[in-house]
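Here are my notes for a first look through the model. Please have the viewer open as you go.

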Amino acid sequence: MSYKVNGSCPDDELLAQKLLLKGCEPLPRRRCRPATQANSVEPYPLPASLWTTPPNSSVVWTAYTCKDYTCLINRMKTQKGFDDCKDCFDLHGREKNRWASRQIIEGSLDITIDEVLATKKPGAIRIGLDIGGGVATFAVRMKERNITIITTSMNLNGPFNNFIASRGVVPLYISISQRLPFFDNTLDIVHSMHVLSNWIPTTSLHFLMFDIYRVLRPGGLFWLDHFFCVEDQFLDVYKPLIETIGFIKLKWVVGKKLDRGAELREMYLTALLEKPLKNSW
């Protein structure tokens, strides 16, 4: 709170994010102006913005290892070690094909958006949420189908929220430790890929699952996309946990996760779950 009223705010994004990750409010309201680039320009117009890398001037880069989008796009090739969603900023790489139309393969862990929408009457899915949605490619795909999705994202060594907004969809800067800021029984769909997995303490995950159930309207869909855990955990912990919430299973596909080696006995679950239309309470 040490700043000049009516002046410039401190550039303290790292502190704000540290608080968010612990489930706290990021920072109090302040009477000052946030840090911005001196040479900011207008964003690209829709629909071009959906699949165009934004200008570097849309971001204050002080909190990140990379200092421009070229660095972020190439970091899968040039940087060692782990970074969240390391290849997400390359819109012409894997992002280009996520959830896109393909030949439907029975029992596949990969479900397309059109497969999910086909489980409801046309126009029934209108608004929703993507939890931990990276650079919001899911929201972009849905926008192309006239569906509004809000994307929650942190800025873990990358300007995810700026990038999402520059694409022309809505970012929400909260962590999974916080209560979802939506009223009960309001959203048509909630989606999450990879984020909801066994790294979350079991009790915290249980709270979050019930919070998702809370914000979904009766008949709403929860698309749990590539949840991962160890095989024994799935049978003993996560399958029973998910089944306590009260969802109806529309799709439930289990498969091996082999990217780190079969000896780890890791597995994926992709599930499409529905909040009951009747008697959901």
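1. Some ground rules. Helices (H or I, at least four residues) and strands (E, at least two) are DSSP runs, numbered from the N terminus. This is a predicted model, in which local features need pLDDT of at least 70, side-chain atom pairs count only at pLDDT 80 or more, and totals for chains, interfaces and linings use all residues. Residues are numbered from 1 along each chain as its sequence is written, and side-chain values use heavy atoms, with hydrogens and water left out.

2. Start with Thr137, which sits in helix H4 (residues 137-143). Thr137 is buried, at a relative accessible area of 1% (buried means under 20%, exposed over 50%, partly exposed in between, with a 1.4 Å probe and protein chains only). Its side chain makes polar contacts with the side chains of Glu95 (2.4 Å) and Arg167 (3.0 Å). A polar contact here is a pair of N or O atoms within 3.5 Å; within protein, one must be able to donate a hydrogen and the other to accept it, and residues adjacent in sequence count only if both atoms are side-chain atoms. Leaving aside residues up to four places away in sequence, Thr137 also touches Trp51, Arg98 and Trp99 (contact means heavy atoms within 4.5 Å).

3. Next, have a look at Glu274 in strand E7 (residues 266-274). Is Glu274 buried or exposed? Glu274 is buried, with 16% relative accessible area. Its side chain has a polar contact with that of Lys120, at 2.5 Å. Beyond four places away in sequence, Glu274 touches residues including Gly219, Gly220 and Phe247.

4. Now the helix pair. The axes of H6 (residues 202-215) and H7 (residues 231-245) come within 10 Å and cross at roughly 30 degrees. That makes H6 roughly parallel to H7 (the label is for angles under 35 degrees). Among the residues that meet are Leu205, Met209 and Phe210 in H6, and Val237, Leu241 and Ile245 in H7. The contact residues divide into nine nonpolar, three polar and no charged; Ala, Val, Leu, Ile, Met, Phe, Trp, Tyr, Cys and Pro count as nonpolar, Asp, Glu, Lys and Arg as charged, and the others, Gly among them, as polar.

5. Most residues other than glycine have a negative phi, and most peptide bonds are trans. The bond from Leu46 to Pro47 is cis, with omega near 0 degrees. Asn146 has a positive phi of about 65 degrees and is exposed at 73% relative accessibility. Asn279, in the segment after E7, has a positive phi near 55 degrees.

Technical notes:
Axes are lines fitted to C-alpha atoms, for helices over the stretch in contact, and angles run from 0 to 180 degrees between N-to-C directions. Angles under 35 degrees count as roughly parallel, over 145 as roughly antiparallel, 65 to 115 as roughly perpendicular and the rest as oblique.
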